[in-house]
Structures are given as C-alpha cells and as structure tokens.
Amino acid sequence: EKKFEKDSEKWKSQKFYKTEQYSEIEGDLQKEYLKTILNTVNVDESILDICCNQGRHLKFLHKKGYRNLVGFDIMKVAIENLKNSEEYLSGGIYAETNLAQNFIKNTSDLKYDYSITLGATIELMHPGFKIFEELRRILKKGFIFAIHENGHSYPRFYRYQIESNGFKII
C-alpha cells in the first residue's frame, strides 16, 4: 500500500497533468466510448467512474438523465471543480478525492452496476493491485473502458486478466 501511495504522488497536484486537459469531451474515441455507455447502461443503473478527474463523462451522463453516478480521483483540484459544476450541484453525482486502490478496496461487494474509465487510468495503476479481481467483487454487471493494451514496456495481459476474472470481452 505504501508503494501505491508513492506511485500516486505525481497525480495529486497539477505539476505534471493539468486538470483542464480533462475538461471537455473531445475526439472520436471519447464520443464512441460515451455512445457505448449510453447503449449499454440503463439510465437508472449505477455507474462508478474510476479516476474521473473533473467528471467530464459524469457530467455528460448527467445531462442525459443519469442520476446514480459516482466518481473519484486523487487530484483534489479536479474533484473540487466537479463539485462546483452545475451538474453536481443539481444532484445525482457523488464524488470524492481518493486513491483508486483505497476507494475500490473500501467499496462494498456488488455496490455498482457498472464501472467506466477511459485512457490510461487502469494502465497506470500499480501492477500489484488486482484491479480486475476487485472490479469483479464490486460490480453487478460489468465495466466499460478503453485502454492501449500494448502501450507499456511491461506486459499486463489485459485480455487474460479480464477473462480470468469472469468478465467477457465484447
């Protein structure tokens, strides 16, 4: 756990990554990702956005009528931005500042219908954290995410990890 904390230090501030980089829905990948969520998750189902930054996807879903939305991120200023948004203030979104491993490990079994995340979030988690095993524990239905599975110098074998934890790749 100390290794998780140490590895996450650079994400707590905006020294390396500015929160405004993650404020808007941009590009075909994000649009396709959100379309997949809308086509998969019913408006009344619960969604956990892993490392949501300032909640651009949560805010988009909120505008589409979703109200059982939860997000967390280690970057405090990003969560503060989300909490000051019109969507958050109107209700239906819960957010907190937290390290992914801590948030997920402290989540009760089968708490959420779906989890979502886009980009490097899962790729950048410490390999010692068994993310897919934990997702299997906390999710009722599944998760939707996009990663670059061959983009790192150390192999993570995502397809194997996903399938060996009882998920189907669709």
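Reader: How many helices and strands does the chain have?
Author: This is a predicted model: local features need pLDDT of at least 70, side-chain atom pairs count only at pLDDT 80 or more, and totals for chains, interfaces and linings use all residues. Residues are numbered from 1 along each chain as its sequence is written, and side-chain values use heavy atoms, with hydrogens and water left out. Elements are DSSP runs, numbered from the N terminus: helices are H or I with at least four residues, strands are E with at least two. The count comes to 8 helices and 5 strands.

Reader: What share of the residues in the chain is buried?
Author: Buried means under 20% relative accessible area, exposed over 50%, partly exposed in between (1.4 Å probe, protein chains only). The chain has 170 residues. The buried share is 44%.

Reader: Is serine 46 buried or exposed?
Author: Serine 46 sits in the loop between helix H2 (27–40) and strand E1 (47–49). Its relative accessible area is 4%, so serine 46 is buried.

Reader: Which residue has its backbone nitrogen 2.7 Å from a polar side-chain atom of serine 46?
Author: Contact means heavy atoms within 4.5 Å. Leaving out residues up to four places away in sequence, serine 46 touches Asn68, Lys111, Tyr112, Asp113 and Tyr114. The backbone nitrogen at 2.7 Å belongs to aspartate 113.

Reader: Why do H2 and H3 count as oblique to each other?
Author: H2 and helix H3 (residues 56–63) pack with their axes 11 Å apart, at an angle of about 50°. Axes are lines fitted to C-alpha atoms, for helices over the stretch in contact, and angles run from 0 to 180 degrees between N-to-C directions. Under 35 degrees is roughly parallel, over 145 roughly antiparallel, 65 to 115 roughly perpendicular and the rest oblique. The pair is therefore oblique.

Key. A polar contact is a pair of N or O atoms within 3.5 Å; within protein, one must be able to donate a hydrogen and the other to accept it, and residues adjacent in sequence count only if both atoms are side-chain atoms.
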